Amino acid sequence: MQPTVPAARGEVSAALIEALTSDGHLPVVLADMDPYGEDLHLALHVCYELHYRGFAGVSDDWEWDPGLLSVRRDLERQFLEALRRDVGGGTDVAGEFDELLVLPADGEGLSGYLAQEAERWQLEEYFALRSIYHLKEADPHVWVIPRLQGQPKAALVAVEYDEFGGGRAENLHAKLYADLLDGAGLSSEYLHYQDQAPAAMLAVVNLMSMFGLHRSLRGALVGHFAAAEISTAPSAKNIVTALQRFDADERCVRFYTEHIEADAVHEQVMRHDVVDALLKDEPDLAADVVLGIQATELVEARFGEHVLQAWRAGESALLPT
Ligand SMILES: [Fe+2]
Ligand SMILES: [Fe+2]
């Protein structure tokens, strides 16, 4: 079953959704949108979902509609410009990876909070928010495969093979996450929580889709993928600690224990067999790899801050429906 279109969050996303559902005019993208705001990220999310599962009642042909692609480009430009402006930059890939190993990847330490202090409802909100990505885990990274050759291609595909369950549907990581949601008593329906996911969450997924869909950003996609693999195991350990506090369903624990084990290997493969090998072939991509790592940290930090700020104020981190 295809997801339904989400509710608009501003002028641009409203016009876009109207065009997709009732053949209205595509929006003119304003040049000065908030690059991390609700309207831009909801609109970008809608554009990208056309490449994944589409939406019920929206023609599949919109995916390659030139007018829609031009809207998407204008949204992407603003997001990408903000990312380039807001990260430190540079070409020291090894230094960036070393830093990832010591710093919490999620802002003030969202997973640390989950391990130590979170109440059950907060853990459930975290699962609901992350479902926007984990129910299509590893899909955005597939787009980079034809843009790589030789060793980096072979090694990245080996990691993706694990993400996609090693040939078994029940082991797809997206399926393990659906099982987790079921185990937590939440909905495992694809994009069920999209209307409750704030821009800070949508941006995490939009970042991957943007890097995946642009050959010119292949270095950034690979940097992002490596950064994600490096930072998953420590946060997964924290979430297992949180789940143990609540004596949680085994299906919830499994998703994270799988990742503690698998990502210890994936981290090494991504760092050495993908990133090092790619930079040997294309040394000029170092700045883009750094962009991918730093942008991942930035959007994850913004997400962590959003969630913790809401919770510390005694509020839900989900948007009201
Ligand atoms: Fe995974
Ligand atoms: Fe992984």
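How many residues of domain 1 are in contact with how many residues of domain 2? In this predicted model, 19 residues of domain 1 are in contact with 26 residues of domain 2. The two domains cover residues 11-85 and 89-312, respectively. Their C-alpha centres lie 24 Å apart. The size of an interface is often given as the accessible area lost when the parts come together. For domain 1 and domain 2, the buried area is about 2,000 Å², and carbon and sulfur atoms give 66% of this area.

Polar interactions also cross the boundary between the domains. Seven residue pairs are in polar contact between domain 1 and domain 2, counting pairs with both residues at pLDDT 80 or more. The elements of domain 1 that give two or more residues to the side touching domain 2 are α2 and α3. The largest share of that side comes from α2, with seven residues. By class, the side of domain 1 that touches domain 2 has nine nonpolar, four polar and six charged residues. One salt bridge is found across the interface of domain 1 and domain 2. A salt bridge is also formed by K136 and E49, with the closest N and O atoms 2.7 Å apart.

The loop between α2 (38-49) and α3 (66-86) contains H51. Is H51 buried or exposed? With a relative accessibility of 12%, H51 counts as buried, because the limit for a buried residue is under 20%. The side chain of H51 makes a polar contact of 2.8 Å with the side chain of E63. A polar contact of 2.8 Å also joins the side chains of H51 and R72. Apart from residues up to four places away in sequence, H51 touches E63, W64, R72, W143 and L213.

Side chains of opposite charge can pair when their charged atoms come close. In this model the count of salt bridges comes to 12. One of them joins E76 and R72, whose closest N and O atoms are 3.2 Å apart. Both E76 and R72 lie in helix α3, where they are four residues apart, about one turn of the helix. E76 is buried, with a relative accessible area of 5%, and R72 is buried as well, with a relative accessible area of 9%.

Another salt bridge is made by the side chains of R218 and E282, at 2.6 Å from N to O. R218 lies in helix α11 (residues 218-245), whereas E282 lies in the loop between α12 (250-281) and α13 (286-312), so this pair ties together parts that are 64 residues apart in sequence. R218 counts as buried at 13% relative accessibility, while E282 is partly exposed, with a relative accessible area of 25%. The side chains of R251 and D249 also meet in a salt bridge, at 3.0 Å from N to O. In this pair R251 counts as partly exposed at 39% relative accessibility, and D249 counts as partly exposed at 28%.

Helix α3 also holds Q78. This residue is buried, with a relative accessible area of 12%. Leaving aside neighbours within four places in sequence, Q78 is in contact with V29, L30, A31, D32, M33, P35 and L40.

Backbone angles were considered next. Most residues other than glycine have a negative phi, and most peptide bonds are trans. A138 is not a glycine, yet has a positive phi of about 75 degrees. The position of A138 is in the loop between α6 (120-134) and α7 (139-142), and at 1% relative accessibility A138 counts as buried. D247, also a residue other than glycine, has a positive phi near 50 degrees. D247 is placed in the loop between α11 and α12.

How values were computed. Residues are numbered from 1 along each chain as its sequence is written. Chains are lettered from A and ligands numbered from 1 in the order in which they are written. This is a predicted model: local features need pLDDT of at least 70, side-chain atom pairs count only at pLDDT 80 or more; totals for chains, interfaces and linings use all residues. Side-chain values use heavy atoms; hydrogens and water are left out. Buried means under 20% relative accessible area, exposed over 50%, partly exposed in between (1.4 Å probe, protein chains only). A polar contact is a pair of N or O atoms within 3.5 Å; within protein, one must be able to donate a hydrogen and the other to accept it, and residues adjacent in sequence count only if both atoms are side-chain atoms. Contact means heavy atoms within 4.5 Å. A salt bridge is a side-chain nitrogen of Lys or Arg within 4 Å of a carboxyl oxygen of Asp or Glu. Domain bounds come from an automatic or database domain assignment. Buried area is the accessible area (1.4 Å probe) that two parts lose on being put together, summed over both. Ala, Val, Leu, Ile, Met, Phe, Trp, Tyr, Cys and Pro count as nonpolar, Asp, Glu, Lys and Arg as charged, and the others, Gly among them, as polar.
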